[in-house]
Amino acid sequence: MDIWQLLRIEAMEQSQAEPYLASFLYATVLSHPSLERSLAFHLANKLANMTLLSTQLFSLFSETFSADTSIQVTMREDMKAFRERDPACTSYVHGMLNYKGFLACQAHRVSHRLWRQDRTGLALALQNRISEVFQVDIHPGAQVGKGMFLDHATGVVVGETATIGDNVSILHHVTLGGTGNRCMDRHPKVGNGVLIGAGATLLGPIKVGDGAKIGACTLVLIDVPCYCTAVGVPARIIRNTAAAVTPPPPCDFPGQSMDHTSEILDYVI
């Protein structure tokens with residue numbers, strides 16, 4: 001069954017179970033003909049203020065979602081990500097309406113499209129509102145792949161020239177920051193299926209390979225090879241020799257399995 005159909009069924013069930021939510025669920029989900037229109041309406045009302053009107057934002061979001069088929073695909077992959085990777089997520093409708101990491105990521109996709117269209121003023125204004133409302137600060141120039149999962153999301157910062165691959169999971173208070181003030185490539189490049197633990201800081205144009213894992217509160221200033229784990233301040237690389245010989249399938253990458261463990265036998269800070 002399509003995600004939109006599942007989401008509508010969940011909304012109807014919840015509106016019947018909890019009458020106090022009935023009008024909210026009708027306005028945000030059940031009154032709309034598509035996922036794109038529903039999400040556009042919800043984001044517009046979340047991000048609006050006294051001068052940036054919800055009607056204007058609704059037009060911007062709905063037009064963008066309708067025109068860009070790649071965003072239509074990525075938003076559904078993002079929804080699958082939070083539903084499958086977070087055991088605290090009880091339903092698609094709960095995730096879409098209440099997960100600020102998901103909402104911030106979808107709003108960023110709109111600001112990134114505006115950035116690529118050289119509508120930089122509007123892109124930066126939207127970035128500012130996303131940061132104020134969701135406490136997630138992703139520069140419009142940053143490139144984010146599909147299947148993104150921002151768990152809790154508070155305090156996530158992603159710089160202008162950063163790139164993030166597919167099926168990446170990032171926890172709260174993570175920074176993908178730059179070094180220096182020159183207008184050049186200065187932010188991390190994160191591969192597919194990477195898991196970045198809470199409070200980790202990655203600085204400079206470093207590369208984090210596919211299937212890598214960054215431990216909580218780790219400071220990463222060097223490249224992290226594929227399938228390896230980085231832990232400590234500054235980071236030490238723990239190599240996965242078995243994975244180097246026989247790479248795991250993408251479904252077993254830590255970004256999807258959410259496996260935070262690492263075999264640290266002799267590590268000393």
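Predicted model: local features only at pLDDT ≥ 70, side-chain atom pairs only at ≥ 80, totals over all residues.

Biologist: How many aromatic pairs does a search of the whole structure find?

Modeller: Five. Rings of Phe, Tyr and Trp (its six-membered ring) pair if their centres lie within 6.5 Å; planes under 30 degrees apart count as stacked, over 60 as edge-to-face and the rest as tilted. Phe61 and Phe65 are stacked, because their ring centres are 6.2 Å apart and their planes stand at 20°.

Biologist: Where do Phe61 and Phe65 sit in the helix?

Modeller: Both are in helix H4 (residues 54-67), four residues apart, so about one helical turn separates them. Helices (H or I, at least four residues) and strands (E, at least two) are DSSP runs, numbered from the N terminus.

Biologist: Is Phe61 buried or exposed?

Modeller: Phe61 is buried, at a relative accessible area of 0%, and Phe65 is buried with 0% as well. Buried means under 20% relative accessible area, exposed over 50%, partly exposed in between (1.4 Å probe, protein chains only).

Biologist: Which pair is tilted?

Modeller: Tyr227 and Phe253 form a tilted pair, with 5.9 Å centre to centre and 50° between the planes. Tyr227 is in the loop between strand E13 (219-220) and strand E14 (229-231), and Phe253 is in the loop between helix H9 (241-245) and helix H10 (254-257), so the pair ties together parts 26 residues apart in sequence. Phe253 is buried at 8%.

Biologist: Which residues form one aromatic cluster?

Modeller: Phe82, Tyr99 and Phe102. There is also a charge over a ring: Arg83 lies over the face of Tyr92, at 6.0 Å from the ring centre. The test asks for NZ of Lys or CZ of Arg within 6 Å of the ring centre and within 35 degrees of the ring normal.

Biologist: Change of topic. What volume does the largest cavity have?

Modeller: About 60 Å³. The structure holds one cavity of 30 Å³ or more. On a 1 Å grid over the protein atoms alone, a cavity is a set of points where a 1.4 Å probe fits but cannot get out, and a pocket is an open set with protein on both sides within 12 Å along at least five of seven lines; lining residues have an atom within 4 Å of a point. Grid points are joined across faces, edges and corners, and a volume is the space filled by probe spheres set on the points.

Biologist: What lines the largest cavity?

Modeller: Its lining includes Phe82, Tyr99 and Phe102, along with Asp78, Cys105 and Met148. H7 gives the most, with three residues. The lining divides into seven nonpolar, one polar and one charged. Ala, Val, Leu, Ile, Met, Phe, Trp, Tyr, Cys and Pro count as nonpolar, Asp, Glu, Lys and Arg as charged, and the others, Gly among them, as polar.

Biologist: And the second largest pocket, what is its volume?

Modeller: About 190 Å³. Among its lining residues are Asp68, His108, Arg109, His112, Arg116 and Gln143. Helix H5 (69-85), helix H7 (100-116) and strand E2 (143-144) are the elements that give two or more residues to that lining. The largest share, four residues, comes from H7. By type, the lining has three nonpolar, five polar and three charged residues.

Biologist: Which domains does the pocket lining draw on?

Modeller: At least three residues come from each of domain 1 (1-135) and domain 2 (142-269). The bounds come from an automatic or database domain assignment. The lining of the largest cavity also draws at least three residues from each of these domains.

Biologist: Now the backbone. Where is the cis peptide bond?

Modeller: The cis bond joins Val233 and Pro234, with omega about -5°. Pro234 lies in the loop between E14 and strand E15 (236-238).

Biologist: What about Cys217 and its phi?

Modeller: Cys217 has a positive phi of about 65° although it is not a glycine. Cys217 is in the loop between E12 and E13, and counts as exposed at 52% relative accessibility. Met258 is not a glycine either, and has a positive phi of about 60°. Met258 sits in the segment after H10 and counts as buried, at 14%.

How values were computed
Residues numbered from 1 in each chain as written. Heavy atoms only, no water.
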